[in-house]
Structures are given as structure tokens and as C-alpha cells.
Amino acid sequence: MAIETLILGAGQEVGKSCVVVNINGKRIMFDCGMHMGVLDHRRYPNFSLISPTGDFDSVLSCIIITHFHLDHLGALVYFTEVCGFRGPIYMTYPTKALAPLMLEDYRRVMSERRGEEEQFNSDHIAECMKKVIAVDLRQTIQVDGDLQIRAYYAGHVLGAAMFHAKVGDSEMVYTGDYNMTPDRHLGAAQINRLQLDLLITESTYGTTIRDSKYAREKEFLDAVHKCVSAGGKVLIPTFGLGRAQELCILLDDYWERMNLKVPIYFSAGLTKQANVYYKMLINWTSQRIKDSYPTHNAFDFKNVCKYERSVLDAPGPCVLFASPGMISGGLSLEVFKRWAPFENTLVALPGYCLPGTVGNILMSKPPKIELDPNTQIDVRCQVHQLAFSPHTDSKGIMDLIKFLSPKHVVLVHGEKPKMVSLKEKIQTTMGIPCYHPANNETVSVPSTGYVKAQASDAFMERCLKPNFKLHKCSSEELSIKTLSDKNIVPELQVINEKAALVIVEDKSKKLKVVHSDEVLVLLGEKKTED
Amino acid sequence: MGILGLPLLTRMKGFSAKIYATEVSARLGELVMRDLVSMHGELKQFYGPMVADFPEWMRKEEVEKIPSALREIILGKDGAELGGLMPLYSEADVNDCVLRIQKLKYAEEACYNGTLVIKAFSSGLEMGSCNWILDGPKGVIAYLSNSSFISSQATAFDYQSLQGTDALLYSDFSTLSSTEDDEDEENQSVQLDDKLPPSSHALVQLYGNTKEDSEEMEKLAFICSCTIECIKGGGSVFIPINQLGIFLQLLEEVSKAIDASAMKVPIYIISSVAEDLLAYLNIVPEWLSRQRQERLFDGEPLFDHVKLLEDKKIHVLPNIHSDKFWMHSHEPFIVFCPHWSLRLGPIVHLLQHWRKDSKSLLILEGMVDPQLALLPFKPMVMKVLQCHFQSGIGLRRVRPLLETLQPKTLLFPEEFRSHISFPSKKFHSVLFYTEGETSKVSCKDGSELKIPATPASNFYWNTFKEQEISLAKLNGELVVENGRYRLLLDNNEKNSNGRTNSVPNLEKLLATFTNLGINASVEHQKMNSESQIPCVIHTQEPYKAVMEIGTSGVVITTAAENVASHLYKALDSVLKGN
């Protein structure tokens, strides 16, 4: 028996996560993401590799989405509504609640701003979400008679989950993105000890070891504080979901402690809407936030003021969260154009910026940025890059692997050189076979199989209530060393009892486990029957 | 609420049992227990601190003075129950109790001691309420408590997960109190019996009937119209809180009705835990019905009360001593408050104050003996409306449900034996249980054991042709995990014992035979040939036999029975290395 892993996306790269795993004949798609940095057909996973005929219903048992980021979710509507997959889709409650917001925002940006032909429309999103079955953490979900799945808390973003899948005796975990240390608004990833044949883990920061998050947070807060106390404006270009809430909790807390009165604005309606969801889903946040509920819901921000366009040109300091992230267009670009020429402006980049975006160029701190041949922006502002990320670092990855001790590891969602070095480390320090397949490659690993046997009561009794003399050899009561005192040690006997007629095929062989004392009785009984 | 007595147990010295409950049951239970303690605290404040452990009235001479009806309630029929009364727990007891509970999600697997996997499945009755599955190596047991097919707030009744168990303990005792209109329904189901195949019949009975659903809605609508009428007449409405789900539904329906009638009437919720409770309900979307969950996905608060609180249409007060309440109490209002028994909490004071107001209305829900409950408030001129909402499966659905669940053994309360018949063709075995008696359920012999497939295919088998069995001797460890047994084979031992190489040492074997006085000759075959038999041994004296020694076993062919066993013993001794 084997587990086959087909990598459709995020193989030796970050973007369009999509892995199809075949466990004992059950095929599960983990994540159905899109690549944000690519605009042609390569932005979606190559679904034809699952089924060349396009009949996905008969070859896929289900889709599991780990969290609401577009690189894990973006291709889902395309796959269900355009490619026509009609099977069940599983995601956690927060992911199901927030996914439509993400998809709708993406669709709008694509069709309205870039004037692209629509890949899917709002109705498609609604139709797709109807097929989604929401799950809670640690619930054992029976997808069908053989396939069982279970979600575990992953940190990273609200509702992010690692998924455990089990078919027969074969078990595996797909992590999605996760964080092994708690942050401002989310807890750390949590999983049970499991008997895994395969672990598929992200490896974004496969070679980085980060120091204390609090020091990094302090750097950010100090930079913001310095800027606003000098009367400057702070621009935080970020998407309205996830990161915005985390940073806002951080700032709101800090504002309270330092008694600051500088206004904080959220540009997008999306964020406000998102906060409504966050308030209901507070059980999915960090312990600290859960504990402070219901006296104060951390997502009722005290220092956030109502945003109007006039604040862009209003004098005096302020902090503005503007979407989209990476300053790739929209309001964040507009504000950037306006504020960048001033020395007392601070641009805080909270996350990874894809090559080609203004955010990415800005990281090299150039004096001028050329947007197009007619537009140049003088960059005199300060730039702060946030050094904390909702991904686990390499220590976290190693800790998780050590904890789960799977028989095999597959790395996805990372850059190739980092994967290679992480793979080496896993194989040498833990001796676990590790793979880092590229997109469209398949990795096959063997899986555990068991044969079932019927154990007699006498045998179980002997095993469960060992003779006190066995105590000294503890769990090794059955090992060879004690074979000499045969009378005390329960020995195992497996009896392969063929069916009464010899012609009966091998399939009907039943295994029976009895205690050695019973063997003679068994043989004797058979004899008398003859 | 099946959790309210728990602190009485957990505060006992030496109590150490593991406690499982769903997250929401534990949290809601905690809130209700806190409320109980706070209401009880008020009583204690009024009557002064107790000198002894027990209050005055429990003394024998005082008990004698109690009216006989009450005395029977307190003492029980034979006077034995007085000793069972104990002082209420304290806040510290509640805290300690809640900390000990292992909180679960629906369908989460909790493993007790490696051998028992425990799972909770929604019973549809209230948020967090559940039925249990206990899965052990000897079989699967289901515990079915009060469940509801019509749940407007809580996650729907997940009866599918209780299907096909080895034993099912039926424990929904609400069935007894809802026997009124069941006679004719029973007849109907009998008629249906022959026309439909059993399973579809059962499903029709479970699903097809929305009559109960609409009945419950009608009851709600009636209560709302009575409330509006009462308010219009210048009276106030008092609703003691009993079932949480009903309270929430009433709260929403009544406020809708008030909005529709364009009146402005304040709604009060008076309880020490009301604020926490209402806030908590808005953060548990995972535990709610499908309709409620849709609100989450639409980005709306889960319950109307969030908006109503914001709009100041409902007011939450921790206790009755609030100016906010009394300042406006001369005008009509609606109040929800504990305790449904009318013996504790704000409702006692409110009734004392308003019982002589003929315009006002008291709505009692699920009260077994209203006459007795209202006794302390006599004479009483305020109107009283009594209602019952379903709090269980309902007698009509019991049999179809049990037919669908198909347990191998059904354990059913003796009290209901006369209400339901169990035709033997549909039920394998039915045991009737009574309080205080142990029922024994037989279970299958032996336990299932898992052996890793790869070594299992390489076992060295001793075949006993005549008995048609093969034996293999193994050493290993028995592991118990998640209620399943697994055999971890000792690999080193196998190698050192030469078991993997199943071909016996020929020299040794022949030597052994010589020792036993057996004359044997070896016929070698080419190892690379197609044949599965590496060698064949012929014995002539004193017995004639052929031994085919293969990689997976040895076949002894002989005319006499005792010869085979003789040869086998010799072979076995060589294999064991003796």
C-alpha cells in the first residue's frame, strides 16, 4: 500500500498551493490556490493532471482548504464552477465565513481595475460556497465510509487549520501554513501525537530562525511612535483581512498604554466588515483575547476612527491601513504617491512583497520609483519592514516534525534552495526520508497496513494482567529474554485457521490470536470434530 | 441541564473520576450554576448565616409542621429523601468543578485510558447538549439522552452517528410526560408498517412530519399574541427562564411582535449571568443550527439580541435592585428572569409585587405542578399562561428512531415498557432496565487485534493439515491505543531465532532423526528451479513418510497420524534450536 502525492502547486515555490494525495485509492485535494504573481493560465494549478477527461467527481473524494489566503483558496471557484467539480469541500468555520470576502475582493480587483476578462462572477462564488461543509477543530469528520478527516489549529490566520486524513490504517497530515509561536491575536499551532505515514509541511522560512517576536514588535511600534510624535503620517499597505487585525490590535494596545491620541484609520470597508466576523469567531483567536471577552472584545478597536477621503490631505499625524498590500495599486498606491515625497512619512511593509510590485522595489530604498514612463515618485519617506511573520520558522518546522515523527516528510510552499537545506537537516538529524517535489511531480511513499486478527479473551487477559513476576521486565514481558521461564511468560500464538473446507479460497482465511495454553485445546477440539 | 448537580460530586473528598462534557455544555452549565449560587446567596443573606450545616426547618419537629403535600416532596414517600438533601455548592465548588471537566467538541475523539474512545454527538435539544458513543475493543455503546428533531437554535440531532452500535442505552425520560396525544399516532405507524420497507418507513417517521415543528411555532405565536394583548391592556409580562433555547426564541419572537405592533415596551433580562450568557451565545456559531450559521456566513450577528441590546430595546440587569428598572416599573414591561421553580431569584420578588395586578401576565413553561408552584403567591389575581414545549424525542418517534439506529441490544426503561412495543423481527434483543439494578449485556468473545501486514506475510507457519489450521509463534508487545489493540512484533528476536529463514538446518534435522532412530534421506532439488520446495526428505524406517520442506512451511505426508506428530516434534525442536 502506498500514499501518492501529486504536487499541482507550491512545489519548490510559494504560490498556488494545491496537492492531491491518493491514500489507498481515496484522492483528496488539499488547497486549491492561485499564484498571485502570474497572470496567464499558470496562475491556476494544472487540473488536467488529476483527470485528463475533466471528470473530477469520480476521481476526487473531497477538497480541503486550510485557510482563506488566495494562494490556498483562489482557484477553488474556478475549479468548482468552471471545471465542474461537484464533490464536498471542507474548511473551518472562519475560513468559510471569510473566503467569500477574499474571493469577491479578488474578483473585483481583477475585473474592475485590471479590466481583465472575468474568470468567475459573484454568483459563482455564492454557488461554490454552498458546497462547502464547515468543520470545527478536532471534530472527526467521516467524508465517506473509509475516509476520515480532522482539523487542528494552525495559527497563521484566523481559522487556519492543519488537516489529518485517514483511510484504513494509513494516516497523513497536510499542514497548510502554520505558526508554532502565538502572536497578538492567534494562538500557536496545536496537534495531537499521531501515527503518520506522511507529513506534508510548508517550508516558507525553512532556513530562518527568528528571535523573540516581542523585540520585533517593539521595533515596529517604536518606528511608528517616532513618526507620529514628529507629526508624520504612517502608511501600512495591507489587505483588510488577517494582518490588518493583528497589527491593529498591536497598535490599539500600544495607544492605550502610551495614551496616544493620534487617529488610526482603516481605508477599506472590507476591514470593518471583517471585524464583524472576527467578533463572532473569537474562539479561534489567542487565549489572551478569548479571556478578555466578554468584558472587552479586542476587535472593538478603541482608537480607530472613521475614515473619510479628506483625512489623506488633512494636516497632522495619523496611521492609515490601506489595501491592497504590496502597494500594487488602488488606494495604497494613491496614498503612497501622495505621501512618499515627505521625509516624515513612514511606510511600514507588513509582509512578503512579490517582485515587480512597488512594495518590493521600495524595500531596496531607492530615491525614485518609476511607475510608468510618465510617472516618477520621489521617495523621501522612511521605510520599515516588519520582521515578524505568521509563518513558522525552521525551528518550528523541525519541532513539529520531531513531535509527529512521521515516516515520511514532503516539503511544499517554499523556495527550492531553502527546501534542499531543510530536507538535508531533516534527513540527517531525524533520519526521516524527506522529499521536495517540484510542481506536477508525484511522490509515492509506502504506508502501513495491518491485518486484523481475533484475539481470544484468555490471551487478552494474560496480556493485560501480567503476572507480577513479569513486572521487572516491564513492557518487554514478551521478549525473548524471558522465554526460558515459559510457564510464566504469556507467549503469543497466531493461528491461521483455514476454513473448514480446503477448497475455500485464501481470502476466507481468518487470523486468530490465542494464548499458548489454548493451542492444545484448539487442536484437540478440531480433532474431535473430525 | 444535566450538569447542575456535578459540583456536589466533585466537591466530595477523594472524587477523582475523569469528567467529559462538550465545551458549550460546560460553559453554559457554569453560568447557570453561578446564577444558582448567586440567587441562593441572596436567600442566605435574607435568612442570616447558618449556624449549623442544615437550616432550621430541617429539624424533625419543624418538618412535622410542614403541610403534608410539601412534606411528601421533601421526605419522599418513606421519608428517606431528607437525608439526601445537601447544602448547595459554593462558587469555589463551581470553579473547581468546571476546571476538572475535559471539554470536547462534537465528534471529537477523547481517549480514556487508551481503551475507550468517547465521542459526543449533537442531540439537538440545546446548544452543546449531546448523546455519547463509547467505543472500546469489546464493542460500541451509545447513550441516548433527551434529543430533539426540531431544534431551532442548536445543531441538529445527529442520530446517524449513533447507528449500528452493539448496545444502546435509551435514556430520554421526557417521553413519559408527553404521552397525551400518542394513542392515535401509534396506530398510524402500525398501519404504515406493511406498506413501506422498514428503513424508509423509519425515515418517513423521523423526517416527514413537520407537524410538531409547526405546533411549536404555533405555541410561540400564541404566547406572543397573549403578551401583546396584555401589554395593550396596560399590564406587564413575567417570563421565568427555563429551557435556554425556548427563552432565546421567545425573546426574539416577542421583540419582533412588539416591533410589529409599533409599541415601545422595555424588555428586561434580570440575572447575574445574563450579560455573560448573551455575549457568549454570539461567539459559538459552530454549535448552532444551520439557519443560525447562515447568519455567520452573511456577516450578521448570530442572535437578534446583539442588535436589540445596541438599540437599547432590551436591558440586561444583574439583579432586581436597579433604579433603571424601578423608575419605569409603573409602565408596562416584559421581564425574563430565573428561576423557573418560582422559589429563587428575581421572579419571587416580582411576583410578590405584581401578583395582585389583574392586568399582568405570568408565563410558565414546562411546569409540572403549577398549583403547587403558585401556592406561596396566593391570593393571586394576575393571569397565568401555562405552556409545554417539547424537550425530548416524543413517544411517537421513539420506535422509528430506534428502528433506524438498529442497536444489537437495546436497553429501555422499564417504566415505558407498556408504552412501546418492540417487534422481535426488528429488534435483536431488548432489555428493560430499572433504577438501582444492574443489567448485563452480553458482548462478543475476543477482541480485535491488528498485526502489521508486512511481518504477517513472512510468518513461519506450522501447518496442521488434519486440523486445518496453521500455527505461528510470535513475540512482541501488545499496544493499546485509541481503543484498539495492536501487536508490535519484536524484530530482533525473530532474526536471532532464525524465524525469518524458515528452512531448518538439514544437518541438524538429520542428526535429530538419527538420534530418534529414524532413517531419513534427502532428495535435493535445484534452488533456482520453479519449484517452491527446496528439499524433500524421505523417511523409511521405522515409518514411511515424506517431508516437503519449503520456504513458507513444511508438509509432512504419511499414512499414520502419530507419525506426523512425531516427525513434527523433531522438526520443531530443530527449529527452536534445542
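Tutor: Gly356(A) counts as exposed because its relative accessibility is 69%. Exposed means over 50% relative accessible area, buried under 20%, partly exposed in between (1.4 Å probe, protein chains only).

Student: Where is Gly356(A) found?

Tutor: In chain A, Gly356(A) is in the loop between strand S16 (346-349) and helix H10 (358-362). Helices (H or I, at least four residues) and strands (E, at least two) are DSSP runs, numbered from the N terminus.

Student: What should I know about the model itself?

Tutor: This is a predicted model: local features need pLDDT of at least 70, side-chain atom pairs count only at pLDDT 80 or more, and totals for chains, interfaces and linings use all residues. Residues are numbered from 1 along each chain as its sequence is written, chains are lettered from A and ligands numbered from 1 in the order in which they are written, and side-chain values use heavy atoms, with hydrogens and water left out.

Student: Chain B next. How many helices and strands does chain B have?

Tutor: Chain B has 20 helices and 24 strands. Of its 578 residues, 47% are buried.

Student: Take strand S11 of chain B. Which way do its residues point?

Tutor: S11 covers residues 334-337. Ile334(B) and Phe336(B) point one way, Val335(B) and Cys337(B) the other, and all are buried. In a regular strand the side chains alternate between the two faces of the sheet.

Student: Which strand is joined to S11(B) by four bridges?

Tutor: Strand S8 (residues 237-240) of chain B, and the two run parallel. Two strands pair if DSSP finds at least two bridges between them. Phe238(B) has Val335(B) as its bridge partner in S11(B).

Student: And what about strand S9 of chain B?

Tutor: S9 (residues 267-270) pairs with S11(B) in the parallel sense, over three bridges. There, Ile269(B) has Phe336(B) as its bridge partner.

Student: New topic. How many aromatic pairs are there over all chains?

Tutor: There are 34. One of them is Phe325(B) with Trp326(B), edge-to-face, 5.0 Å centre to centre and 80° between the planes. Rings of Phe, Tyr and Trp (its six-membered ring) pair if their centres lie within 6.5 Å; planes under 30 degrees apart are stacked, over 60 edge-to-face, the rest tilted.

Student: Is Phe325(B) buried or exposed?

Tutor: Phe325(B) is buried, at 0% relative accessibility. Trp326(B), at 32%, counts as partly exposed.
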